[in-house]
Amino acid sequence: MTLRVNGELAEVAFAPHKTLLEVLREDMGLTGTKHGCELGECGTCAVLVNGQPVLSCLALTVALEGHEITTIEGMAQGPDLHPLQTAFADLGAAQCGYCTPGILLTAQALLEQVPRPSLEQIQQALAGNLCRCTGYIKIYEAVELAAARMAGEPAEPRKESVYGWE
Amino acid sequence: MLRLPKFTYLQPKTVSEAVRMMADAGPEAMFVAGGTDLYPNMKRRQQTPQIVIGLAQLDRLRTIKGKPAEGMVLGAGATLTEVSENRRIRRAYPVLANAAELISTPLLRNMGSIGGNLLLDTRCNYYNQNYEWRKAIHFCMKKDGEICWVAPSSPRCWAVQSSDCAPVMVAIGAKVKLVSREGDRLISAAELYNNDGIEHLRKRPDELLTEIHLPPTNGWLATYWKLRRRGSFDFPVLGVASCLRLAGDGTVEDAKIILGGVGPSPLEAVAAQKAIVGKKLTEQTISEAAAAAYPVAKPLDNTDFAMTWRKDMARYYVSGTLRELAGLSPNGSAG
Amino acid sequence: MAGNNGSKANGLKVVGKPWKKVDAAEKCTGQTKFADDIFLPRMLHCKLLRSTVPHALIQNIDASQAVKSPGVKAVLLGRDLPTLYGIMPVAQDEYALAVDKVRMVGDPVAAVAALDEDAATEAVDRIDVEYELLPAIASIQEALDNPEPRIHEYGEYGNVHRRIAYEFGDMEAGFAEADFIREDTCFYEGNTHLPLEQHASVARFSHDGKLTLWSSTQNPHYLHRTLAKVLGLAASHVRVIATPCGGGFGGKCDPFNHDIVVSKLAMMTGRPVKICLTREEVFYCHRGRHPVLMRTKTGFKKDGAITAMHHRTFVDGGSYGGHGVASTFYTGVLQPTTYKIGRYKFDGVRVFTNKAPCGPKRGHGTPQPRFAQEVQMDKIAEQLGMDPAELRKRHLVEPNSITANWLRIGTIGLGKCIDKVLEGSGWKDRFRKMPHGKGLGLACSAYMTGAGTAIYWNSMPHSGVQLKLDRSGLVAVFCGTTEIGQGSDSMLAYIVAEVLGIDPFDIRVVTSDTDITPVDLGSYSSRVTLMAGNAAVQAAERAKDYLAQAVAEKLEVPASRLGFAERRVYDLESPDKGVSFIEAVELAETKFGTLGTTGSYKPPKAPGKFKGSGVGPSPAYSYCAAVAEVDVNPETGWVKVNRIWMAHDGGQSINPVLVMGQVEGSIYMGLGEALMEEMVYRGNRNVVHKFPSMLEYKSPTTLEMCDVVTYLLEDREPNGPFGAKEAGQGPLLPVPPAVANAVYDAVGVRIDEVPITPEKVLKAIRTKAKGQEGRYGPLTFPECEMPAPITVPTPQEGGDGKAVVREPVVEQK
C-alpha cells in the first residue's frame, strides 16, 4: 500500500488490522509518534491527517490511502525547527517529552486555523492532549510565543514565565 | 500495546454496496465510520466482529444539506467537528452544535461521526474494561457473562446511554434514516432507542444509519447541559436536553425534557414536561418540573461520580436548562 | 567544595539563566528514543499473564498449550526465577512471577516471548492457572481485623507489615503546657503517577554471557543490583541503560517484574526481548500514593505555639513492601520541619492489602500528613481567632536549628514565601471577606533535597561524575543520573559549563548507563541537582585546576589569577591576556597527558543517632507557601480552583525556567490529587481496580488546570551546588490543603478527605444546613497495639540525638 507521510510517498506492507500508530512506529520506523493508552483516552498519539489532528491509535491504516499524514518527524523544515518547536525548547515546555509530539502537531493545526489564538482557544484546542509534567502552563506560553514569532514579532519569553513574578 | 484483533476490512464505495456487504456477511459484521467507539471496544474484546465494513469512502454520507426553515439533513458520516463547526448548524441548531462540541476531545471529534455518536454503545464501568479485567469479575451479561454486576438481582443490563447528541435529537424531534437491503425507513430519534443496556437500539444490525433529519426551525428553543468530571474526554454521566415552544406571552405550548446518561436510553421526563406545559416559566413552575424530573433519573454505580449525587444533579440540571431557555438568571453549571 | 561556590555567584554566566535543555531539540523533533522506541534485529515480544484473582494459592499452571502456540519461543513461570527481591533490604518480598501465591488482581504469573505481540497475547491466553482462593483484604480496617490469612509470611504479625513508634521528648509535659488540645482525623485517598509513557524494557543477552537491559526506570542503579541478584549474574556482567523516561513521578523507581522477566527470556532465547505494558498494567505496577488515615492530636498555646503533637497514621500498603517502610516513616518524620513543635510523637502502621502495591509518588509519603497538618493549622487559627498566615509566621522553624525529631534545618525561606503569596492573592482584603461561594486558603510545606541515606546501607558516594576533556574542546560528562524530564542532563551541562567558562552546548552529557557512568543512586527524593550537581562541581573544579596550571605556565601568571569565561582562560588582571578554552585543553593535555577527572558527593551526617534516624535527614529542605482561590457552588458542591499563588524557596535556580516548570507541574499534580484523582477498588468484586484506564482515572486536562502565579525565592543554600535546593516535589504538598482551606473559606465546611469531590462538599453543606457539623471526613480511627516507642529527648530537653532506654511497656493506643 502507498501512504503519503510527511510529504513523501512510501510503499509499506503491513497487516490490515494495524492502526496508523502501529504502522508508523513498527513498519516505517517513525517512532516519534508515541502512545499512552491506545484507546483514544490521552491524545499522546496525535498526528495530522490532511492537516487535522487525529488519534493514530484509532485510525485504521488501510482506510488512509491517499490522505496526507504528518508526524512529528515532518514538522521541522530541513534543518530549521518549526517556530513551535523552538518556542517549546525556549520555555522548557517539553519536560519528559513524551506528550510533546502530539501536542506540537495539535498546536500546529491550531495555528494554521487561528494564527493568534487566545489562551482559551489554546486550552480548547489542547483539551484532548494530556500532559502530566508541565501543568500545561509552559505549553500555553510556548504556543503564544510561537504565534507571535510567526506573525513576525521579535518575541521573547515573558519575564514572569522564566523567572517567576516579582 | 493494546491491539486490534484480526478482522476482515471491507471498503464499499456506495451505500447500496455497503448494505449488500452487510446482508451477505450477516451477524459477524459491523459497520464502522470514525471508529472511535468500535475500535476501543474491539481492542478490549467487548465487541468482536469478524468483518468490519468501513464507511470512510462514502463521501455522500458526509454532506450537510438543506435549509433550517425546512429542516436540515446531516449525513451520518459527517464528523462531530464538521457538525459543530458548520455555520448553518451553529446558527439554526445551536443546541446540536453545542452538544457535538462537548463530546470527548478535539482529536476524537475530528474522527468520530455524528451517526456513530447516535449509535454509541452503552457504557458501564463493569463492561468498558479489557478481557482480563472482566474475567476477574466473571464477566457481565452484556458480554461473555450472566449477571449485571450493577444490579445483580436485575434480569436486565443497566449499561448507560452515553451519547451527548442522542438526548438532543430526541428532544428536538429529529428523525433518522435507516437503509438496508430490505429498503429504507425513517423513524424518530426517540424510536431509535430502547431502554435496555444490551439491546439499546431499535436499528437492526443489517441497517445502516445514513441520514439525520433535523426538524424545521420554526420557533422552538432548545439547550443541552452535560455533567462530567472534566471539561473534555469524559462521557456524560448526566445530560439534560430541553426543548420548548413558547407562546408570545411566554406560556409553554410544548415541552420535551430528555435525560441522558442516567439509564440505558434517553429518558423522557414526562411529568416534568406536564409541570410546565400550559404555564409560564417561573421560579415556581421550574422548580416543580425539576422535582418531577428527579425520579426519572435512574443512575446506578457504573459511571464516574456517586450515583445519589448524579440523581440530585438531575433536578439541578433540569432547572438549569429551563432557566436558561426562560431567560432567567442562570443557576450556574454544576461543573 | 561545592558549598563555597556561593562566593562566585555574582559573576554567574550559565547558572541562573534560562538556557534551553540539552535534549530539547531531540524531544521536540521526535528523535528521543524511549524504551519502546528501540527495535533490535530478531527481537521477540513479551506478554505477561496476570492474576485474575486477588488472593490465592497457585495449585497448578498448565502452559503446555502456550508452548505449542504459533510463534512462541519461550514460556516463563515463577519457579524459573525463584529469588525474592524488593528495592528495600527490609522488604525482599517480590518474585518476578508468582511462585506459590498471588496477592492482587494483576500480579504477574507467567510470561511468553513470541515473534510478535499478537502471538504472545494468544499464547498467554492459553495458559491455564488453577487457584485455591483465599479471602481478600481490601482496606486498612479489614487488614487489622483479619490477621489470617496473611498476605505475606513476614512482617510484624497478621497483615500488619510494619509498625513504627517514636517519641521525641516528654509528651505528657508537652501537652500539659498547652492551653488547648485538639484532635483531628482525616483521610488521604491513594492515587497514582499516570506517566504518559507506559513502562517498557528491552533485554539483550550476548553469547559471552552479558546482559544489557534498556528500561524506562528512574533508578538504573537499584535495578542493576536487583537483576544481578535475581538472575544470578555477576553485577559486572549486567548493564542497565535507563532510556529517557517518559514521566516518572516516582512510579518507575522500583525494579519491576517485567524488567527481570524480559532479561530472563533474553537469556533463555538468545534473542532480544521487549515488553511494553498496557495502560491497565501500568495501574497494576502502581507504587503510587498510599491511602493514609491520620489522627493528629496537637497541644497549643493561646498564641498558637505548638507545645506537643502526637501524629498517628495508618498506611494502606497494597500487596507488597516496595518502598513502603520508608513511605510509612515519611507519613510522620517531616511534620516538625515547618513550624516549631515542642515535643513530637509519631506512630505509623503499614498494612498489607490485596491491591496494587503503593510506594513513592512525588512527595513520597508526605503530602498526606502535610494535608493533615495544614488543615489542622487552619482550624487552630479559627479556634484562636487568628489569621492563619499570622499563626504560621509566628511559629516558623528557625534557620540553622534542629527539630524536635533531630532533623537539621539549614536555610528556611518560608516566612518570605508566605508574605509573597499573601501579597499576590490580596489576602488581607479578601480572606474571610468574599461573598459566599468564593474562598481563599493558605497552606505551606517543606521537602527534602535528597534523602540523607541510601536505600541500602553503605558508606560510598551517593553520586559520582567523571569528566573527559580533549583537544577537540569537547567536555564529556559521565554520570549515573537519569533524565526523567526534570532536566538532570541539562543541569550537569550547566554546572560544568559554569565552572569551566564554556557554553552548555559545548558539553556532551552521557548518563544512566551502569557500564559507562559512575553510580548515581537515581532520580528520586529530589536528590539529583544537589548530589550530582555537587559531584559535577567537584569534577569540574578538578579539571579546571589542570587547565589553570597549564595555562598559568604559558601566560606566566599565577594559576589563582586565571578566570574562566566565554570559552577563554584569561588573566583576571588583564583580561585581554589569555588563551581559548580549546588551547587551554591542548596545553593541559600536553602537560598532564590524557585528561579526566572525577567528583563525588556524600550527604553530611545527620544529628540523630537513634535507630530509624536515617529517614528524614537531608542536606537541605525546600519550603513553599501557596494560596488557592476557589469557587464553590453551594447547590452542587462543585469546586473550581481559579488560581494558585505559589512561592517556592528552592535556593539558587540552576535554570529558572526549568524550576518554573517543576513548580507548575507540581501544582498540577497536586491539583489533580486535591480534586479528582483516586486509585480505588471494588472490594466486593474480587478487589478489582475500579477503572484502570486513562479515561476513568481522572487526570486534569487543560480545562481543569488553574491559573498559576509563581514566585521563586532564591536565597542560596550553602549545601547546594551554587546554592540550589529542590523544586520538583515540594510545591505539590501545599496544594490539597490550600484547596481544602479555601473551600472552608468559601462555604464554611471542612472536607477532611482528599480528593475533595462535589459529592463530599455537597454532603457537608447539607449536614451543616441541618445544624450539624459542616464536615466530611472519617469519624473513627482504628485501634492497633503499638510497640514501645523509641524515645529520644529533644535538643531543647538537652538530648544528644541518641535514644534513651526505657522500661519496655506495651502501649495501648
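1. Asp489(C) touches Val22(C), Asp23(C), Glu483(C), Val509(C) and Thr511(C), leaving aside residues up to four places away in sequence. The model under discussion is a predicted one. Asp489(C) belongs to helix H14 of chain C, which covers residues 488–500. With 22 other C-beta atoms within 10 Å, Asp489(C) is buried; the cut-off for that label is 20 or more. As a reference for distance, Asp489(C) and Ile275(C) lie 26 Å apart in space, C-alpha to C-alpha, and 214 residues apart in sequence.

2. The next point concerns chain C as a whole. Its secondary structure consists of 19 helices and 34 strands. The radius of gyration of chain C is 27 Å, close to the 28 Å that the globule rule gives for 813 residues, so chain C is as compact as a globular protein of that length. Along the principal axes, the C-alpha atoms of chain C fill a box of roughly 85 × 70 × 55 Å. Buried residues make up 65% of the 813 in chain C. Among contacts in chain C between residues at least 6 apart in sequence, 80% join residues at least 24 apart.

3. Chain C meets chain A in a contact that takes 45 residues from chain A and 49 residues from chain C. On the side of chain A that touches chain C, two or more residues come from each of helix H2 (83–91), helix H3 (100–113), helix H5 (137–150) and helix H6 (159–163) of chain A. H2(A) gives the largest share of that side, five residues. By residue class, the side of chain A that touches chain C divides into 25 nonpolar, 15 polar and five charged residues.

4. Chain C also meets chain B, with 30 residues of chain C in contact with 26 residues of chain B. Helix H3 (117–125) and helix H19 (758–769) of chain C each supply at least two residues of the side of chain C that touches chain B. The largest share of that side, three residues, is from H19(C). The side of chain C that touches chain B comprises 13 nonpolar, six polar and eleven charged residues.

5. Within chain B, four strands form an open sheet in the order E9-E10-E11-E12, with antiparallel pairing. Strand E9 (221–227) and strand E12 (267–268) of chain B stand at the edges with a single partner strand each, so one side of each is left without a neighbour in the sheet. Helix H13 of chain B, residues 307–326, packs on the sheet and touches E9, strand E10 (238–246) and E11 of chain B. The direction of H13(B) makes about 30 degrees with that of E10(B).

6. The strand pairings may be taken in order. Seven bridges join E9(B) to E10(B) in the antiparallel sense, and the bridge partner of Trp225(B) in E10(B) is Val240(B). E10(B) and E11(B) pair antiparallel over eight bridges; in E11(B), Ile257(B) is the bridge partner of Ser242(B). E10(B) and E11(B) form a hairpin with five residues between them, and Gly250(B) in the turn has a positive phi of about 95 degrees. Strand E11 of chain B, residues 252–260, is joined to E12(B) by two bridges, again antiparallel. The bridge partner of Leu259(B) in E12(B) is Leu267(B).

7. Burial in this part of chain B can be examined for a strand and for a helix. Seven of the nine residues of E10(B) are buried, so E10(B) is largely enclosed by the rest of the structure. In helix H12 of chain B, residues 283–293, the buried residues include Ile286(B), Ala289(B), Ala290(B), Ala292(B) and Ala293(B). Seen down the axis of H12(B), its buried residues fall within an arc of 165 degrees, so they line one face of the helix. On the other side of H12(B), Glu283(B) and Gln284(B) are exposed. The buried residues of H12(B) pack against E11, helix H11 (270–276) and H13 of chain B.

Key
Residues numbered from 1 in each chain as written. Chains lettered and ligands numbered in written order. Predicted model: local features only at pLDDT ≥ 70, side-chain atom pairs only at ≥ 80, totals over all residues. Contact = placed C-beta atoms within 7 Å. Nonpolar A, V, L, I, M, F, W, Y, C, P; charged D, E, K, R; others polar. Rg over C-alpha atoms; globule rule 2.2 N^0.38 Å. Buried ≥ 20, exposed ≤ 12 C-beta atoms within 10 Å, placed from the backbone. Pairing = 2+ DSSP bridges. Axes fitted to C-alpha atoms, helices over the stretch in contact; angles between N-to-C directions. Arc of directions from axis to C-beta.
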